[in-house]
Amino acid sequence: MPTMAAKGTLERTRGALSSPDFRRLFLVRLASQFADGLFQVSLIASVVFSPDKQSTTVGLFKATLVIALPYSVIGPFTGVFIDRWRRRRILVIAPWVKTGLVWLVLFDPVRAAIPFFAGALLVISANRFFLATAQAVVPRMVPTEDLLMANSLATVGGTVALLAGVYLGGQVSDAFGNGVTVAGAGALWLIGSWLASRIRSDLVPHTLPKDPSLLRHELRRVGAEFADGIARLWRTPRAIGPITAISLDQLGQGVVLTLSLVVFRERFGEGVGSFSNLIGAGGIGVLLGILTVGPLEDRFSKERIVAGAFMVGGLAVLAVSFAITGSTVLLASFAVGLTFAWKKIPIDTMVQEALPDGYRGRVFAAYDVAYNLARIVAAGLAIPMLPHLGVGGSVAAVGIVFLLWAPVLPRWIGRTPEIVIRFSEGAKAEEWPRAVVWGGVEEPVDVVRSWNEERDGVRMRRFRLALHDGSVLDVSRLEPDGVWHIDREEEGETARPP
């Protein structure tokens, strides 16, 4: 069985890479995201390590604000433009825009703050469009059966390239200065542009809006749907709990990263290479977490995996707070990265399961903003923590918060019903569902099938319910008064019995 599974994975990988256009896009992602890593190191080197009189915490807060803000503000609106413009043209032009602006980060961030930060913001904003476009065009390049593998290759490959760029960029910047990493980033972006120009399809959107006035309406619609996503999230406790958990994790990670840089820069006198070492240790932890979260999900519920991750991460961070050395800080970075993967992957799934398909996009847009804002808040929070608690006390505080949160999510999920079923009036004791309350909204349903099931003396009541959006839910509960659970969600055509 393992041999067959491995062969299947290999065949799916070959299937995705058999598309010439996808191979070119994959190379574009690798070159561009490696360059992104070089650029981020240049930014950190200039803002955090170069101004000798500026505190490390203030410098990292500025860098985090510049890196995360475009993703929070521009992110929800990128799709409107990507659906109107030729996607290949975006992939070709955006790297030239980044290369034309990246030299601005060679200005002194203290004496020439306006051109420096304006250049950084514009480069990252252009990159937001570029990465969103690269993700959006994948379904146009591979068959449906290879889409999951293609997305996995693009995401994992891009992440590894980014981490490699950060690591190598830190070493190069320490040895040769910031100009070399900036020049390297620009050169690689132009290589990515050339590779994108070799894509054969121009990737024109299938439904291109012709009326220019529609753009104004689309932007308003995105704003309205973003607000609706926040409202929908507020009415869905089973989504609020996981999103609160990952936001808290980002707060803790951000504080630990800031304090780690304080240790390396101010206590050990090291340069930007120490930042790349921290990211490298955390990246190895993330990759190991991605490889191990699957076996964990086979044995434990998602909320318990997240609880265990907070427990392991909290203990590791708390232990490091008593003996802060270069090695223990790298160990903490590894542990935070490992447990981040154990949190993020189950949490994304839990948020998806808590909502009907028609609301997932807008809720995930709100989720994405909360996720990025947490990183900014964390960098700002570290500024007052350091003088009041010290490095050891601040790190210990993060560990204690993680440990205190560990049991919260399982209890939160356990006390919140996954789905509520409304039954027809006058029907006998819960016989015939007429609607479900899922994700804070009541949806009318049609009953496709109703049956009872008994296993090992446990009696269960089951329904197959068709929603009006075409999806079908299998739901069940323990008799006589258990809570309802969603067992399966499928598309209507495949879920209906013959």
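In which helix is the place of threonine 13? The legends below concern a predicted model, and the opening view supplies the reply.

**View 1. Threonine 13 in helix H1 and methionine 149.**
Threonine 13 has its place in helix H1, which covers residues 2-17. The relative accessible area of threonine 13 is 18%, and because buried means under 20%, this residue is classed as buried. Along the chain, threonine 13 and methionine 149 are 136 residues apart, while their C-alpha atoms are separated by 6.2 Å.

**View 2. A salt bridge between aspartate 36 and lysine 98.**
Nine salt bridges are found when the whole structure is searched. In one of these, the side chain of aspartate 36 meets that of lysine 98, with an N to O distance of 3.9 Å. Aspartate 36 belongs to helix H2 (residues 20-49) and lysine 98 to helix H5 (residues 87-102), so the pair ties together parts that are 62 residues apart in sequence. Both aspartate 36 and lysine 98 are buried.

**View 3. A salt bridge between lysine 343 and aspartate 249.**
Here the side chains of lysine 343 and aspartate 249 come together in a salt bridge, at 2.5 Å from N to O. Lysine 343 is part of helix H13 and aspartate 249 part of helix H10, so parts that are 94 residues apart in sequence are tied together by the pair. Lysine 343 is buried, as is aspartate 249.

Glutamate 479 and arginine 477 form a salt bridge through their side chains, with 3.0 Å between N and O. Glutamate 479 is partly exposed, at a relative accessible area of 29%. Arginine 477, by contrast, counts as buried at 11% relative accessibility. Elsewhere in the model, a network of salt bridges links Asp21, Arg24 and Arg200.

**View 4. A nonpolar patch on the surface.**
Four residues, Leu65, Leu69, Val73 and Leu121, make up a nonpolar patch on the surface. Together they have about 280 Å² of accessible area. Helix H3 (residues 56-73) gives the most to this patch, namely three residues. Leucine 121 is found in helix H6, which covers residues 113-136.

**View 5. The largest cavity and its lining.**
The largest cavity holds about 70 Å³ of space. Its lining consists of Val256, Leu259, Ser260, Val263, Val320, Ile324, Val329, Ala332, Val391 and Val395. Two or more lining residues come from each of helix H10 (237-267), helix H13 (326-353) and helix H14 (357-405). H10 provides the largest share of the lining, with four residues. By class, nine residues of this lining are nonpolar, one is polar and none is charged.

**View 6. The second largest pocket.**
About 370 Å³ of space lies in the second largest pocket. Its lining comprises 17 residues, and those nearest the centre are Arg238, Glu303, Ile413, Glu418 and His485. At least two lining residues are supplied by each of helix H12 (302-320), H13 and helix H15 (408-414). The lining of this pocket divides into seven nonpolar, four polar and six charged residues.

**View 7. Glutamine 352 and arginine 238.**
Glutamine 352 lies in helix H13. This glutamine is partly exposed, and its relative accessible area is 37%. In sequence, glutamine 352 and arginine 238 are 114 residues apart; in space, 10.0 Å separates them from C-alpha to C-alpha. Arginine 238 is also one of the residues nearest the centre of the second largest pocket.

**View 8. Leucine 288 in helix H11 and phenylalanine 334.**
Leucine 288 has its place in helix H11, made up of residues 273-299. The relative accessible area of leucine 288 is 37%, and this residue is partly exposed. Leucine 288 and phenylalanine 334 are 46 residues apart in sequence, with a C-alpha to C-alpha distance of 9.6 Å in space.

Conventions. Residues numbered from 1 in each chain as written. Predicted model: local features only at pLDDT ≥ 70, side-chain atom pairs only at ≥ 80, totals over all residues. Heavy atoms only, no water. Patch = residues over 30% accessible without salt bridge, like charges linked within 9 Å, V, L, I, M, F, W, Y side chains within 5 Å. Areas by Shrake-Rupley, 256 points an atom, 1.4 Å probe, with all protein chains shown as cover. 1 Å grid on protein atoms, 1.4 Å probe; cavity = no way out; pocket = protein on both sides within 12 Å on 5 of 7 lines; lining within 4 Å. Points joined across faces, edges and corners; volume = space filled by probe spheres on them. Nonpolar A, V, L, I, M, F, W, Y, C, P; charged D, E, K, R; others polar. Buried < 20%, exposed > 50% of the residue type's maximum accessible area, 1.4 Å probe, protein only.
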